[in-house]
Amino acid sequence: MFFRMLTGALLRQRGRMAMIALTMALGASICTAMLNVMFDVGDKVNQELKSYGANLTVVPRGASFLGDLYGDAGPADESAGQDKYLAEDELPKLKTIFWAFNIVDFAPYLQTDALVKGSGNAIDAPVLGTWFDKRFDSPTGESVQTGMVRLKSWWDVDGAWAQDGGPEGEASCMVGANLASKLGVRPGDRVSVTAKGGARLVIAGVFHSGGSEDDCLFAPLWFAQEISGRQGLVSRVEVSALTTPENELARRAARDPNSLSRHEWDTWYCTAYISSIAYQIEEVISNARAKPVLQVAESEGAILQKTQLLMILLTALSLSCASLAISNLVTASVMERSAEIGLIKAVGATSFEVSALIITETMITALLGGALGYFAGLGFAQLIGHTVFGSAIEIRPLVIPLVTLLTVTVALAGSLPAIRLLLSLRPAEVLHGR
Amino acid sequence: MLVSSLVRRRSRLLAALCAIAIGGTVLLGMASISYDIPRQMGREFRSYGANMVLVASGEEALLNLADAARAAKMIPAASLVGMTPFRYEMVRVNMQGYTAVGTDFESARKTSPYWSVTGEWPSGDDEILIGSDIAEFTGLAGGSSITITGRAADGSRFSRDMTVSGVVRSGSVEDGFIVMSLAALEAMTGNSGVADMAELSIAGTEEELDAIASSIRSNVPEVSPRLVKRVTQSETAVLSKLQALVVIVSSVVLVLTMICVATTMMTVVMERRREIGLKKAIGAENRSIAGEFLGEGVLLGFLGGVLGTAFGYVFAQAVCVNVFGRGIILDWKLLPLTIVVSIAVTVCACLLPVRRAVEVEPALVLRGE
């Protein structure tokens with residue numbers, strides 16, 4: 001009898017039930033979209049913050065400080081005084097650490113002072129050898145593409161980025177805006193660079209960075225190694241890595257990894273904190289020290305936390321607004337059925353039977369609507385992901401139970417007050433039409 | 001008739017009013033947050049430190065601090081987070097050469113909030129910070145005292161005892177510097193009022209910074225401002241994405257909430273088909289019925305809109321205070337807009353079902369079909 005009444009009610013009142021299902025679907029789609037975006041926003045914003053460049057510098061142990069002794073400020077420091085280096089052939093190992101996947105980009109630098117001559121006078125300027133857009137196979141067999149092109153996304157380049165190339169053919173280089181104006185050169189011109197050895201370079205591009213790099217010349221790494229006679233050596237590596245904001249554990253580990261308990265150490269090592277990535281880099285590159293660049297690392301953490309908090313609050317508030325509006329609607333549409341309920345009561349149904357009937361009906365409709373809304377919400381989430389970040393939002397299974405729970409709660413919260421009101425009505429009055 | 005129809009159906013109308021108020025809350029709250037996001041987040045991005053550097057123009061090597069102060073006046077006081085002078089000198093400690101930096105610690109903490117100091121920040125002119133690389137190299141720590149020697153501007157030698165109050169770590173050049181107050185460095189070298197450069201941290205978009213830079217260039221030709229592209233460009237890129245995110249999320253939520261409001265209103269009106277039928281049966285014109293519902297819709301929409309703006313302000317304020325620890329700046333244009341949109345949605349949602357209701361035969365409606 002119960003099921004016959006149930007199917008009967010569901011089928012006969014298609015219009016009204018469709019309305020409840022539709023609103024539920026709308027609500028569920030907001031929940032799904034907001035929750036999916038909320039869970040993914042950290043990763044997405046982290047990816048965007050990579051435009052600030054490297055958050056780790058790897059320097060040879062012991063040499064980092066001696067290099068800063070001579071000269072004034074900026075990257076022009078690490079000059080002739082340096083006597084310790086990292087080995088270039090160890091660099092692919094960066095892609096073998098536990099968090100290899102989080103290392104977005106890296107570029108090595110070898111700095112040397114050289115006499116740079118354009119059309120006019122020769123000028124003493126820092127020359128940095130680097131990888132512009134290097135492609136190699138990592139020891140794990142992956143194809144890796146890395147270098148300055150992505151690491152220095154804020155550079156304003158007039159002309160084109162230089163090519164890494166090889167010893168055969170003419171090498172290209174990039175010249176900082178200040179140096180270029182002193183030399184009187186433009187993209188396409190040639191400069192001769194002389195240190196221990198010397199050669200001519202084609203200027204592929206002139207860049208403006210607003211920093212001290214504007215006084216430097218960037219050449220392919222092999223070129224700088226050749227003219228300075230330091231084959232296979234690099235003086236510093238800049239690494240850009242995706243990291244998790246620091247917490248108390250990470251701060252303790254950064255001071256002294258040995259102070260952690262076994263369990264804490266495992267947690268720390270297996271979380272992408274900047275300190276654990278630095279530690280893992282020091283493990284694979286011999287005689288290296290990896291230092292977090294606090295300007296980038298600290299700010300990243302702060303901004304990520306704010307963004308996540310903002311999204312969580314927006315999600316919570318909009319979900320509660322949507323829930324209120326929807327349960328309000330459910331109440332209104334259940335109330336409409338006063339005549340029918342009156343009739344059922346008049347022919348002898350108990351209050352329990354009436355409540356069970358209404359609740360089951362509403363639940364079935366709500367869940368159907370919720371399921372529909374879930375898929376619509378996935379669509380909305382992808383829409384947001386593609387419009388804002390240009391990439392897909394990851395779909396989290398965790399959202400499904402959350403949306404189900406919300407749907408059920410909202411449907412219950414909506415039908416309960418209506419049922420209480422309906423039960424208190426007297427059948428005769430309702431049927432009479434008051 | 002309007003009043004009595006409102007008063008008689010109190011509970012039902014309360015539900016409708018509640019829905020409209022919620023719609024208004026979401027509308028105003030989301031709109032104010034997306035409007036204010038660049039400003040709020042922009043402040044957070046100042047944790048990346050200086051976004052403008054002042055250096056001396058032309059052939060001058062040193063920047064005159066009086067000129068820098070004049071240049072800083074070109075910047076609205078509300079958006080200037082801080083200006084920090086930096087002066088570099090070569091000094092010796094135990095015959096070993098170091099770079100000493102003279103600066104203003106109070107403003108350095110604002111323009112370089114990422115400096116991590118172990119120990120204490122210096123409180124007097126004879127206290128200094130040393131970079132973490134120097135600390136590691138020399139074994140000095142907070143509390144040690146060192147003797148700094150060097151050559152003053154006039155060529156004479158100086159020697160001065162200083163106390164290390166703490167060790168500064170930033171992961172970049174500061175790790176190899178000895179940092180002291182500008183006054184202390186000036187007392188040693190003998191010349192004052194100059195610096196190698198000044199770092200400024202300014203809250204604003206890239207265009208605003210460009211405008212500030214060009215006004216400094218034309219009004220104070222002695223200094224040349226340079227934008228730190230790494231900070232300005234990246235901030236613009238990330239901020240615009242964040243704003244787009246909030247705007248899109250808000251509009252999705254807003255559209256869905258408005259649909260909810262509309263469906264609620266429709267249900268409420270549909271319930272009254274019988275009443276409409278009765279009115280028609282006793283001779284009411286379609287227009288007068290529609291007019292009555294219109295009036296009701298406007299009144300409900302207005303009340304809901306006003307309630308919504310009040311709650312929406314609280315909503316936006318709560319989000320901002322919780323996330324950024326600062327109050328929100330409300331764009332007053334949004335207040336009337338919220339009320340107008342609330343009224344429009346309510347009226348549309350009322351009139352659709354009313355039009356359907358007035359088209360049917362009164363007898364059919366009254367019989368309950």
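Modeller: In this predicted model, the contact between the chains draws 60 residues from chain A and 58 residues from chain B. On the side of chain A that touches chain B, the elements that give two or more residues are helix H2 (14-49), H3, strand E14 (288-292), H10 and helix H12 (351-389) of chain A. Of these, H10(A) supplies the largest share, with 24 residues. Sorted by class, that side of chain A holds 33 nonpolar, 18 polar and nine charged residues.

Two packed helices are described by the angle between their axes and the distance between the axes. Helix H10 of chain A, residues 294-335, packs with helix H10 of chain B, residues 286-324, at an angle of about 155°, and the two axes are 9 Å apart. With angles over 145 degrees counted as roughly antiparallel, this makes H10(A) roughly antiparallel to H10(B). The crossing in which H10(A) passes H10(B) is right-handed. From H10(A) the contact uses Lys306(A), Leu309(A), Leu310(A), Leu313(A), Leu314(A) and Leu317(A), while H10(B) contributes Phe315(B), Val319(B), Asn322(B), Val323(B) and Phe324(B). Taken by class, the residues of this contact are nine nonpolar, one polar and one charged.

H10(A) also packs with H8(B), here at an angle of about 10° and again with the axes 9 Å apart, which makes H10(A) roughly parallel to H8(B). On the side of H10(A), the residues making this contact are Thr307(A), Leu314(A), Ser318(A), Cys321(A), Ala322(A), Ala325(A), Ile326(A), Asn328(A), Leu329(A), Ala332(A) and Ser333(A). Their counterparts on H8(B) are Leu242(B), Val249(B), Val253(B), Leu256(B), Thr257(B), Cys260(B), Val261(B), Thr263(B), Thr264(B), Thr267(B) and Val268(B). This contact has 14 nonpolar and eight polar residues, and no charged ones. Leu314(A) takes part in the contact with H10(B) and also in the one with H8(B).

Within chain B, helix H8 (residues 229-270) packs in turn with helix H11 (residues 334-359), their axes coming within 8 Å and crossing at roughly 40°. H8(B) and H11(B) are therefore oblique to each other, and H8(B) passes H11(B) in a right-handed crossing. The residues of H8(B) in this contact are Met258(B), Val261(B), Ala262(B), Met265(B), Met266(B), Val269(B) and Met270(B), and those of H11(B) include Val345(B), Thr346(B), Cys348(B), Ala349(B) and Cys350(B). By class the contact of H8(B) with H11(B) comprises 14 nonpolar residues, one polar and no charged. Val261(B) belongs to this contact and to the contact of H8(B) with H10(A).

As for the domains, chain A is divided into domain 1 (2-46 + 302-432) and domain 2 (55-292), whose C-alpha centres lie 55 Å apart. For chain B the assignment gives domain 1 (2-43 + 237-367) and domain 2 (51-227), and there the C-alpha centres lie 56 Å apart.

Turning to confidence, the model as a whole scores ipTM 0.78 and pTM 0.77. Chain A averages a pLDDT of 81, with 93% of the residues scoring at least 70, whereas chain B has a mean of 83, with 95% of its residues at 70 or more. Confidence in chain A is lowest in helix H3 (residues 63-68), at a mean of 47, and highest in strand E13 (residues 236-241), at 90. Over residues 64-81 of chain A the pLDDT is below 50, although this stretch has 45 contacts in the model beyond near neighbours in sequence. Where pLDDT is low, the predicted coordinates should not be read in detail. In chain B, confidence is lowest in helix H1 (residues 2-8), at a mean of 59, and highest in strand E9 (residues 177-181), at 89.

How values were computed: Residues numbered from 1 in each chain as written. Chains lettered and ligands numbered in written order. Predicted model: local features only at pLDDT ≥ 70, side-chain atom pairs only at ≥ 80, totals over all residues. Axes fitted to C-alpha atoms, helices over the stretch in contact; angles between N-to-C directions. Helix = DSSP H or I, 4+ residues; strand = E, 2+ residues; numbered from the N terminus. Parallel < 35°, antiparallel > 145°, perpendicular 65-115°, else oblique. Left-handed = near helix turned anticlockwise from the far one by under 90°. Contact = placed C-beta atoms within 7 Å. Nonpolar A, V, L, I, M, F, W, Y, C, P; charged D, E, K, R; others polar. pLDDT = per-residue confidence, 0-100. Domains from an automatic or database assignment.
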